[in-house]
Amino acid sequence: MGSPEPARTWPARPLTTAEARALYESDEAARAVWVLDYEVSVRERLVPDDTPADAVVDVVLEADDSLRVFSYSGCRWLDYGTVDTDDLDSVTTEPNLDNYRVLAGHSRALRRDY
């Protein structure tokens with residue numbers, strides 16, 4: 001993955017859990033939507049004070065042969081691009097899915113060594 005680009009169509013705030021779950025329905029290629037649940041001390045540094053406790057700030061969209069990574073940072077969403085799951089050995093910035101949970105869909109990658 002290269003440098004992140006702004007995710008221009010995403011809101012300028014963390015996603016609600018419902019919005020993150022809806023990514024599964026709105027993206028034909030999505031097999032699963034993974035989210036990362038941060039500890040309270042980390043969330044406090046990432047999101048505005050009025051953000052709901054269940055707001056989503058990290059998302060991985062899993063397709064049959066790829067992962068697409070998004071992260072909320074600096075009051076905007078960043079798109080880290082797509083990683084081909086066949087090439088993960090050559091990528092140094094792939095998400096560690098052991099720290100994520102599946103919010104929607106059915107993962108083929110669940111507990112697979114990425």
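Modeller: What follows is a walk around strand S3, which covers residues 58-62. Keep in mind that the model is predicted.

Start with the cover over the strand. Five of the five residues of S3 are buried, so the strand is mostly covered, given that buried means under 20% relative accessible area. The side chains of Asp58, Val60 and Glu62 point one way, while those of Val59 and Leu61 point the other way. In S3, the residues pointing either way are buried.

Next, the place of S3 in the sheet. The sheet is open and has six strands, in the order S1-S5-S4-S3-S2-S6, with antiparallel pairing. Its edge strands are S1 (5-6) and S6, each of which pairs on one side only. S3 stands between S4 and S2 in that order.

Take the S2 side. S2 and S3 pair in the antiparallel sense, over four bridges. Across this pairing, Trp34 stands opposite Val60 of S3. On the S4 side, S3 and S4 are also antiparallel, and five bridges join them. Here Val59 stands opposite Phe70 of S4. S3 and S4 form a hairpin, and three residues lie between the two strands.

The side chain of Asp58 makes a polar contact of 2.8 Å with the side chain of Ser71. Leaving aside neighbours within four places in sequence, Asp58 is in contact with several other residues, among them Trp34, Val35, Leu36 and Tyr38. Phe70, Trp77 and Tyr100 are also in contact with Asp58.

Compare another aspartate, Asp86. Asp86 sits in the loop between strand S5 (76-84) and strand S6 (100-105). Its relative accessibility is 65%, which is over the 50% limit, and therefore Asp86 counts as exposed. Asp86 and Asp65 are 21 residues apart in sequence, with 7.2 Å from C-alpha to C-alpha.

A helix also belongs in the picture. H1 (residues 17-26) lies across S2, S3 and S6, and runs at about 65° to S6. Within H1, Thr17, Ala20 and Leu23 are buried. Those three cover an arc of only 110° around the axis, so they are on the same side of H1. Ala18, Glu25 and Ser26 are exposed, on the other side of H1. The buried residues of H1 pack against S2 (32-36), S3 and S6.

In soluble globular proteins, nonpolar side chains tend to be buried together. The largest core in this model has 17 residues, and Trp10, Leu15, Val59 and Trp77 touch the most other members. H1, S2, S3, S4 (66-73) and S6 each supply at least two residues of this core. A second, separate core has eight residues, including Ala32, Leu67, Leu97 and Tyr100.

To put it together, S3 has its five residues buried, pairs with S2 and with S4, and has H1 lying across it.

Key: Residues numbered from 1 in each chain as written. Predicted model: local features only at pLDDT ≥ 70, side-chain atom pairs only at ≥ 80, totals over all residues. Heavy atoms only, no water. Buried < 20%, exposed > 50% of the residue type's maximum accessible area, 1.4 Å probe, protein only. Polar contact = N/O pair within 3.5 Å; in protein donor to acceptor, adjacent residues only side chain to side chain. Contact = heavy atoms within 4.5 Å. Arc of directions from axis to C-beta. Pairing = 2+ DSSP bridges. Axes fitted to C-alpha atoms, helices over the stretch in contact; angles between N-to-C directions. Core = buried A, V, L, I, M, F, W, Y, C linked by side-chain atoms within 4.5 Å.
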